[in-house]
Amino acid sequence: MKRICVVTGTRAEYGPLFWVLKEIDAHPDLELQLVVTGMHLSPEYGSTWKVIEADGFAIAAKVEMLLSGDTGTAIAKSMGLGTIGFADAFERLRPDIVVVWGDRFELMAAVQAAVVARIPIAHIGGGDVTEGAFDDAIRHAITKMAHLHFPIIADSARRLRQMGEAPGRIHLAGNASLDHLRRTVFLERVEVEARLNFSLRPRNVLVTYHPVTLDPEEGRRGWTEMLAALESLGEEVGIIMTAPNADNDSRELMVALEAFVGAHPNAILRTSLGSQLYMSTARLCDAVVGNSSSGLLEIPSLGVVTVNIGTRQNGRPRAASVIDCAPDSAAIRAAMDRAMAMDCGDVTNPYGDGRSAQRIVRVLAGIEDFPALLHKGFIDLAGDGGAGVTP
């Protein structure tokens, strides 16, 4: 049995990983080792490890790493604790390969431990660009430590080649989040309302806003202006909010969201909805508002408009259903009004066809010599010769 260790630290990558995990778990030649860390283990963020177990997955290890703080110092210390915890977990589990998705600091801790333990790393989502967050730096660093790559779009695969990665190790997979939309049974309105404990209005918006880690002032301005725009909608519009990620300044943002909900009976705030409820809720809304990657990656496949605020997702391709706007209340309100009048039923999502999990697992199952992956060269771009480099 080939031991495939998958690391998840937040709801943001557990959702895309869900069907990858299912495919690994069902494969006769693969043994799934699921390691859970970060926000999943925090009561403050909903203890979502319980959701993972309820989904039928056995958790092979829990790595506690998240300190009670949202400063850069606290996050850096959390990464240090995580590296220690992953070192212990990998020594016990002895995986053949470690699989991570995306660009979170929790995953940086995991791959650091794997590299020095001489365990190959498979990276899903490398080569993407999100210019408004330091996720870019983490994502690209993971790429250089990884030995196998599953980019979600062709442009990302091209960037991986620019970074010196061997073409034979790059497998275009598409966005594994879309596997949910193809395979998950959506909840009906009455079930969504029951699970939310909230009565949907004739018009509704789903809101997810995260700190802008490279520009905290833009982040604060963004959520302040967004809340002002949401207030201007009036009580006839339902507002369903989800909590931000555990990033720098997330607690300040949570205080603002909680205060808004406390003053507006047409609004609710939930720590985590889980993939099925999140997508089912989004499908019933007139717009998804905020700066989350889900607004660009998954929501277009639902035929729902995304109002994307600010710079956090700069660099990602957009479907025609994505409306970009400045972090200004008037611009956000105008974008929401436009969104509620749009018909996006025939929009094409640029991120894949919902069969990513099968592609990824097929490659993992086909590897015969995992240690051989550790030896990787740097592939220079032909004909460059250092042009444009300042001596």
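**The sheet and its helices**

Modeller: Six strands form an open sheet in the order S3-S2-S1-S4-S5-S6, with parallel pairing. Strand S3 (59–63) and strand S6 (148–150) stand at the edges. Each has a single partner strand, so one side of each is left without a neighbour in the sheet. On average, neighbouring strands are turned by 20° against each other, direction ignored. The model is predicted, and these values are computed from it.

Strand S2 (residues 30–37) pairs with S3 in the parallel sense, over four bridges. Within this pair, Thr37 stands opposite Val63 in S3.

Now the helices. Helix H3 (residues 72–93) lies across strand S1 (2–8), S2, S3 and strand S4 (97–101). H3 runs at about 155° to S3. Helix H5 (residues 135–145) also packs on the sheet. H5 touches S4, strand S5 (121–124) and S6. The direction of H5 makes about 145° with that of S5.

Last, the cysteines. The structure holds zero disulfides. The cut-off for a disulfide is 2.5 Å between the sulfur atoms. Seen from Cys344, the closest cysteine sulfur is that of Cys285, again at 14 Å. Cys285 is buried, with a relative accessible area of 8%. Cys344 is buried too, at 3%.

Terms used
Residues are numbered from 1 along each chain as its sequence is written. This is a predicted model: local features need pLDDT of at least 70, side-chain atom pairs count only at pLDDT 80 or more; totals for chains, interfaces and linings use all residues. Side-chain values use heavy atoms; hydrogens and water are left out. Buried means under 20% relative accessible area, exposed over 50%, partly exposed in between (1.4 Å probe, protein chains only). Two strands pair if DSSP finds at least two bridges between them. Helices (H or I, at least four residues) and strands (E, at least two) are DSSP runs, numbered from the N terminus. Axes are lines fitted to C-alpha atoms, for helices over the stretch in contact, and angles run from 0 to 180 degrees between N-to-C directions. Contact means heavy atoms within 4.5 Å.
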